[in-house]
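Dear colleague,

I am passing on the structure below for you to look through, and after it I have set out what was found, so that you can follow each point in your own viewer.

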Amino acid sequence: MLKIDGLVKNYGKFTAVDHLTLAVEKGSVCGFVGPNGAGKTTTMRIMAGLLNATSGSVMIDEVEVTKNPRVLREKIGYMPDFFGVYDNLKVTEYMDFFAGAYGISYKERGPIIDNLLEIVDLSHKKDFYVDSLSRGMKQRLCLARSLVHDPELLILDEPASGLDPRARVEIKEVLKQLQEMGKTIIISSHILPELAEMCTEICIINQGKLAAQGSVQEIMQKLSQKRMIHVQPLNDVERAIQILKEQPFIRAVVENTRDVEFEFTGTNDQLSNVLKQLILAEIPILSFKEKEGNLEEVFMQITGGESI
Amino acid sequence: MMNPVLRREAITSLRGWKNFAVLTFYLSMMTTGAIIFFYTSVYQSYRFTFDPQSVVYLYIVLGSIQMALIVLSVPALTAGSISGERERQTLDLLLVTKLSPFSIVIGKLLSSMAFVLLLIVSTLPVFSIVFYFGSVGIGSVLTLVCFTLTTAFMLGGISVFFSCIYKKTVVSIMLVYIFTGILCFGTLLLVLLPMAVRGYDQLSTISTLIKLIPNPGVGFFSLMDNQMGTNIVNDVFFENGIGKNSFTLWAAKNLWVLHMVFQLVIGSVFIALAAGLINPVREHKQKNKAPKTKK
């Protein structure tokens with residue numbers, strides 16, 4: 001669906017995007033992660049045809065973005081990180097305006113707008129003025145706007161930024177729905193756990209370069225030699241620790257009150273063997289899982305500790 | 001299909017109070033002008049009567065007020081068209097649609113022009129006082145409306161252009177007023193200074209003509225000359241000029257025609273430039289010349 005090859009964007013002497021190369025498959029949800037100034041927004045604006053690259057190419061469905069921006073605008077739905085709304089315009093009029101801007105006929109607009117407002121759960125606000133909506137509602141309306149021409153690719157630049165937890169959950173629900181509809185979504189965010197949950201793959205960008213790409217687990221496995229495993233025996237924690245310490249690739253076994261955590265440096269096969277040894281030793285196991293949620297640690301490791 | 005930008009502007013502009021305030025101010029100025037004219041005419045006349053023949057001067061007074069108001073209001077109405085979209089952070093949302101930059105600029109300009117037309121049409125009842133007494137035909141009034149609209153078109157085009165360059169609406173408005181000031185007074189100074197230094201009979205007619213064609217004020221009074229059958233502009237600027245030929249003789253008497261053509265050309269050029277300025281593809285052409293990046 002999307003191929004970026006050797007993308008470079010210079011602002012004078014400053015290089016915002018530095019030979020960025022990546023590919024996103026159709027139907028996938030790709031998370032763009034990186035510290036401030038990493039080049040995420042610049043890359044997304046180039047993808048949307050709002051900015052042109054100094055060199056390199058962005059291909060969407062084998063069509064070069066910079067050479068055919070108008071043709072590609074039919075395929076792309078773009079939601080910027082910061083956007084405003086018009087005064088004195090109602091929700092349906094706002095949607096109608098953008099439907100007109102995408103060349104949709106008057107007859108077709110009504111059902112499309114109703115359907116989109118239903119998806120983003122704003123049907124009950126259709127006769128309200130846009131500037132009277134809450135921040136979360138405006139974000140959802142902007143998302144609906146970006147879908148008005150039924151694009152194949154959605155480019156969403158920090159759609160959940162500045163929203164309260166409830167509004168974030170609502171946006172996430174809409175994105176899940178869009179994912180189920182088969183849309184390819186590229187989304188940038190600073191909220192790493194949320195991205196990890198909803199994205200099929202993650203691209204970590206640092207100083208304009210692609211630092212890592214793959215599924216969350218792939219990235220963590222590739223970049224982190226150690227994996228934290230959490231084990232919760234029903235009882236006999238002491239004996240479980242003893243067995244774990246005898247296994248290869250295990251170090252730093254930490255005992256908690258009712259469970260155990262350890263660092264593991266082996267492969268998945270070797271990890272399954274650890275579980276097998278515990279079961280053979282007749283230790284009842286309630287839970288045996290890899291600890292999640294340390295994506296931020298990996299991120300900090302990749303980006304050299306730059307804050308996000 | 002109607003230009004979506006024009007449609008949206010039509011909906012939103014009439015919902016706010018600003019345009020109603022502008023319309024009220026505009027009409028009150030025109031009406032006040034007419035009242036003052038009648039008052040002074042009657043007060044200064046013998047036996048406090050009104051001479052119907054003097055109503056042609058009312059036409060000139062109303063036309064002058066209209067021109068002045070258009071020159072003042074068009075930059076204020078149009079100079080925020082694109083910079084306002086930037087300030088509101090809605091320009092990107094427009095640029096990612098299928099609308100071309102030219103459609104966006106034209107939609108913005110037409111919405112301002114539509115409001116200017118509304119202002120002009122709303123003053124027709126005031127102009128109708130002139131029809132009541134006769135002296136001026138409907139053709140003359142329509143020509144004056146066309147002249148005012150071309151002035152609005154040129155100033156609107158220039159305003160949209162500056163609006164594309166500068167992010168702040170205030171800066172755009174200031175620059176349009178400066179530009180208009182140069183057109184109105186700068187060009188006049190370019191003619192009057194050499195006239196004062198070298199004398200009336202030492203100026204080239206063609207040079208004076210070139211300097212005065214961009215001047216909206218001289219263009220307006222040239223039109224008034226034409227409609228009233230007077231020859232004031234020609235007498236002041238061209239009568240004693242040197243290097244006359246059949247074209248300059250015609251042009252001196254019909255400066256307003258050349259001025260309208262000038263306004264249409266300048267307005268169109270600035271609109272085209274404005275469309276180019278907001279077009280992201282334009283940037284592509286520039287950036288291709290950017291220095292090579294480090295490897």
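**Helix packing in chain B**

In chain B, α2(B) and α3(B) run roughly antiparallel to each other, since an angle over 145 degrees counts as roughly antiparallel, and theirs is about 155°, with the axes 10 Å apart. Please keep in mind throughout that this is a predicted model. Helix α2 of chain B covers residues 18–44 and helix α3 of chain B covers residues 55–78, and the crossing of the two is right-handed. On the α2(B) side the contact is made by B:Val22, B:Tyr26, B:Met29, B:Met30, B:Gly33, B:Ala34 and B:Phe37, while α3(B) brings B:Leu58, B:Val61, B:Leu62, B:Ile65, B:Gln66, B:Leu69 and B:Ser73. Sorted by class, the residues of this contact are 11 nonpolar and three polar, with no charged residues.

α3(B) also packs with helix α7 of chain B (residues 124–133), at an angle of about 160° and with the axes 9 Å apart; these two helices are therefore roughly antiparallel to each other, and their crossing is left-handed. Here B:Val55, B:Leu58, B:Tyr59 and B:Leu62 of α3(B) meet B:Val126, B:Phe127, B:Ile129, B:Val130 and B:Phe133 of α7(B), and by class the contact has nine nonpolar residues, no polar and no charged. You will find B:Leu58 and B:Leu62 in the contact of α3(B) with α2(B) and again in the contact of α3(B) with α7(B).

Another pair in chain B consists of helix α10 (residues 205–212) and helix α13 (residues 246–253), which pack at an angle of about 35° with their axes 10 Å apart, in a left-handed crossing. B:Thr205, B:Ile206 and B:Leu209 of α10(B) meet B:Thr248, B:Ala251 and B:Ala252 of α13(B), and this contact divides into four nonpolar, two polar and no charged residues.

**Annotated spans in chain B**

An unreviewed UniProt entry places the feature "transmembrane region" at residues 20–43, 55–78, 129–162, 174–197 and 256–278 of chain B. In the model, residues 129–162 of chain B are 88% helix and 0% strand, with the end C-alpha atoms 39 Å apart, whereas residues 174–197 of chain B are 100% helix and 0% strand, with 32 Å between the end C-alpha atoms.

**Between the chains, and the domains of chain A**

Which helices of chain B supply at least two residues each of the side that touches chain A? The contact as a whole takes 26 residues from chain B and 31 residues from chain A, and the helices in question are α1 (4–13), α5 (91–95) and α15 (280–287) of chain B. By class, the side of chain B that touches chain A has 11 nonpolar, seven polar and eight charged residues.

Chain A itself is divided into domain 1 (2–218) and domain 2 (224–296), and the C-alpha centres of these two domains of chain A lie 41 Å apart.

Methods. Residues are numbered from 1 along each chain as its sequence is written. Chains are lettered from A and ligands numbered from 1 in the order in which they are written. This is a predicted model: local features need pLDDT of at least 70, side-chain atom pairs count only at pLDDT 80 or more; totals for chains, interfaces and linings use all residues. Axes are lines fitted to C-alpha atoms, for helices over the stretch in contact, and angles run from 0 to 180 degrees between N-to-C directions. Helices (H or I, at least four residues) and strands (E, at least two) are DSSP runs, numbered from the N terminus. Angles under 35 degrees count as roughly parallel, over 145 as roughly antiparallel, 65 to 115 as roughly perpendicular and the rest as oblique. A crossing is left-handed if the near helix is turned anticlockwise from the far one by less than a right angle, and right-handed if clockwise. Two residues are in contact if their C-beta atoms, placed from the backbone, lie within 7 Å. Ala, Val, Leu, Ile, Met, Phe, Trp, Tyr, Cys and Pro count as nonpolar, Asp, Glu, Lys and Arg as charged, and the others, Gly among them, as polar. Domain bounds come from an automatic or database domain assignment. UniProt positions are given in the numbering used here, feature names are shortened, and annotations may be inferred rather than shown by experiment.
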